[in-house]
Amino acid sequence: MKFFPKQLIDGYRTFATQRLPTEQSRYRDLSERGQFPETMVIGCCDSRVSPEVIFDAGPGELFVVRNIANLVPVYQPDSNAHGVSAALEYAVTVLKVTNIVVLGPAQGGGIRAFVDKIKPLTPGDFIGKWMQMFIKPGEVVEQRDHESMQDFVTRIEKAAVFRSLENLMTFPFVRERVENGEMQLHGAYFGVAEGSLFVLDRVAKEFISVTEALKAGE
């Protein structure tokens, strides 16, 4: 096994000896019946922000797609390959999920690179081109007067969640199910340092602390 990362082998050994025995029947059932998750999570590739860990989800409970800055492109059926759109189409039309959550992280690398205007971001500039989905034609994203860099970054991180939710509604199969009341869209923001979760209040258009809401009995 010298050709495979030792950390992963050690992790699998722990999984196989501790977690698998307690969930063997669930895995067997999933292999026979297939998956039926109720929720799709569109998250960031950031290794510190794992939806399955944050939401304490077991196997088969979440359908997850992760990309740089948790972005959803606009609906664009053309000859190009669209990984996020394909995953979205499968989750909505085949699995028929009833919830889609866009989960954005604090201190994400993609947003920070976008804010700092680092060019080229990679030799092929894939990240730069990917991040352009965040901006509408003619839109200018700049730091406001008297706004600290940290506040600017936080504002853009949250704006990325809003933009992805907006873009989700450009997909006909998403819009139809949302308007028919068959599916709901949600936004969430995870603070890495504190492990804090904030969920979007669509009416107030602001993120609310889950911890504070639970304390208040909401």
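1. A term to start with: two strands count as paired if DSSP finds at least two bridges between them. Keep that in mind as you look around this structure, which is a predicted model.

2. Strand β1 runs parallel to strand β3 (residues 99-105), and 4 bridges join the two. Within this pairing, Thr39 stands opposite Asn99 in β3.

3. Now step back to the whole sheet. It is an open sheet of 6 strands with mixed pairing, and the order is β2-β1-β3-β4-β5-β6. At the edges you will find β2 (62-67) and β6 (206-209), each of which pairs on one side only. From one strand to the next, the twist averages 25 degrees.

4. Next, have a look at helix α3 (residues 83-94). Helix α3 packs on the sheet, where it touches β1, β2 and β3. The direction of α3 makes about 170 degrees with that of β2.

5. Helix α3 has a helical partner too: α3 and helix α7 (residues 172-179) pack at an angle of about 40 degrees, and their axes are 10 Å apart. This crossing of α3 and α7 is left-handed. On the α3 side, the contact is made by Leu88, Glu89, Val92 and Thr93, while α7 brings Phe173, Val174 and Arg177. By class, the residues of this contact are 4 nonpolar, 1 polar and 2 charged.

6. Finally, which helix gives the largest share of the lining of the second largest pocket? That is α3 again, with 3 residues. The pocket holds about 210 Å³ of space. To find the second largest pocket on screen, select its lining: Pro73, Val74, Gln76, Ala81, His82, Gly83, Val84, Ser85, Trp130, Met133 and Asn167. This lining has 6 nonpolar and 5 polar residues, and no charged ones.

Terms used. Residues are numbered from 1 along each chain as its sequence is written. This is a predicted model: local features need pLDDT of at least 70, side-chain atom pairs count only at pLDDT 80 or more; totals for chains, interfaces and linings use all residues. Side-chain values use heavy atoms; hydrogens and water are left out. On a 1 Å grid over the protein atoms alone, a cavity is a set of points where a 1.4 Å probe fits but cannot get out, and a pocket is an open set with protein on both sides within 12 Å along at least five of seven lines; lining residues have an atom within 4 Å of a point. Grid points are joined across faces, edges and corners, and a volume is the space filled by probe spheres set on the points. Ala, Val, Leu, Ile, Met, Phe, Trp, Tyr, Cys and Pro count as nonpolar, Asp, Glu, Lys and Arg as charged, and the others, Gly among them, as polar. Axes are lines fitted to C-alpha atoms, for helices over the stretch in contact, and angles run from 0 to 180 degrees between N-to-C directions. Contact means heavy atoms within 4.5 Å. A crossing is left-handed if the near helix is turned anticlockwise from the far one by less than a right angle, and right-handed if clockwise.
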